[in-house]
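Here are my notes on the model you asked me to look over. Have it open while you read.

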Amino acid sequence: GAERVVVFSQYPQYSCATTGSSLNAIYTYFKNKSRPKNVKWSVIDRWPVHPLLAKTFADRILTELKQFPVEKQKDVVILFSAHSLPLKAVNRGDPYPGEVGATVQLVMQELGHCNPYSLVWQSKVGPLPWLEPYTDDAIKSYVKQGKKNFILVPIAFVNEHIETLHEMDIEYCNDLGKELCVENMRRAAAPNDHPLFISALTDIVATHLKGDRGVSPKFLIRCPHCSNARCHESKKFFAELCA
């Protein structure tokens, strides 16, 4: 009996490999099926610069920063770590790296650019070249430069999962930290159920429902070098569905 459907991506930053593939899956499911009539559809495909998202990450970072000795706090390196992407996708025009960078800049603005920081990339798989610098390599290089205190921030993840709880907490903060003899390496929590984050989600949906845009113009344009026919058909599908 639904009369209103909002497809709300929980990836703040859009990538063809995440939100794009999820929306393609919805298209594939419905393309040969009759859809319920009298249902209004719309899509929220990205929200990388929502101010409450930035405030959430900033608060998570400050919580961890306070765990360092006062005299060390200004020297703590903040490493914003996001899932990497194959360079062939980046070169095709995937907007993900730029949108992750936009989130980072907004968070640092919220923090008053209080600490040195860098955007790094994790979770590479396979032999093809991926977006760098890799998180573990960046940590090693900063240690060689004399840095000994770090906060890792899961800037593209909104909740805990294997890439935060295992890769970041165990492989980086624990194992790599011990190997490199860092003084302290902590990981900021993902947004999870932070009140500011819940308010962000609420505001995003409420604002969307008040508007008259079914789908963003940015979503409807393909990457400059996209050759995926399914992507083309999917965007046509959502343009018609959300008209």
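The points below go from the domains to their contact, then to the charged pairs and the backbone.

1. Keep in mind that this is a predicted model.

2. On area: domain 1 and domain 2 bury about 1700 Å² between them, with 64% of it on carbon and sulfur atoms. If you want names, look at Gln13, His194 and Leu196, which supply 36% of the area that domain 1 buries against domain 2, more than any other three residues.

3. The polar side of the interface is worth a look too. There are 10 residue pairs in polar contact across the interface of domain 1 and domain 2.

4. Arg46 and Glu99 form a salt bridge with their closest N and O atoms 2.6 Å apart. Glu99 sits in helix α4 (residues 96–110) and counts as buried because its relative accessibility is 12%. The side chain of Glu99 also reaches the backbone nitrogen of Tyr14 at 2.9 Å. Leaving aside neighbours within four places in sequence, Glu99 is in contact with Pro12, Gln13, Tyr14, Arg46 and Pro48.

5. Arg46 has another partner: Asp45 forms a salt bridge with Arg46, again listed with closest N and O atoms 2.6 Å apart. Asp45 is buried at 4% relative accessibility, and Arg46 is buried with a relative accessible area of 16%. Salt bridges that share partners join Asp45, Arg46 and Glu99 into one network.

6. Arg187 is buried at 11%, whereas Glu160 is partly exposed at 25%.

7. Lys236 and Glu233 also meet in a salt bridge (4.0 Å, N to O). Both lie in helix α9 (residues 229–241), 3 residues apart, about one turn of the helix. Lys236 is partly exposed at 39% relative accessibility, and Glu233 is partly exposed at 32%.

8. Last, some backbone spots to check. Most residues other than glycine have a negative phi, and most peptide bonds are trans. The peptide bond from Glu132 to Pro133 is cis, with omega near 5 degrees; Pro133 is in the loop between β4 (117–122) and α5 (135–144). Cys181 has a positive phi near 60 degrees, lies in the loop between α6 (162–180) and β6 (184–187), and is exposed at 64% relative accessibility. Asn192 has a positive phi of about 45 degrees; Asn192 lies in the loop between β6 and α7 (195–210) and is partly exposed at 24%.

Definitions and conventions:
Residues are numbered from 1 along each chain as its sequence is written. This is a predicted model: local features need pLDDT of at least 70, side-chain atom pairs count only at pLDDT 80 or more; totals for chains, interfaces and linings use all residues. Side-chain values use heavy atoms; hydrogens and water are left out. Helices (H or I, at least four residues) and strands (E, at least two) are DSSP runs, numbered from the N terminus. Buried means under 20% relative accessible area, exposed over 50%, partly exposed in between (1.4 Å probe, protein chains only). Buried area is the accessible area (1.4 Å probe) that two parts lose on being put together, summed over both. A salt bridge is a side-chain nitrogen of Lys or Arg within 4 Å of a carboxyl oxygen of Asp or Glu. A polar contact is a pair of N or O atoms within 3.5 Å; within protein, one must be able to donate a hydrogen and the other to accept it, and residues adjacent in sequence count only if both atoms are side-chain atoms. Contact means heavy atoms within 4.5 Å.
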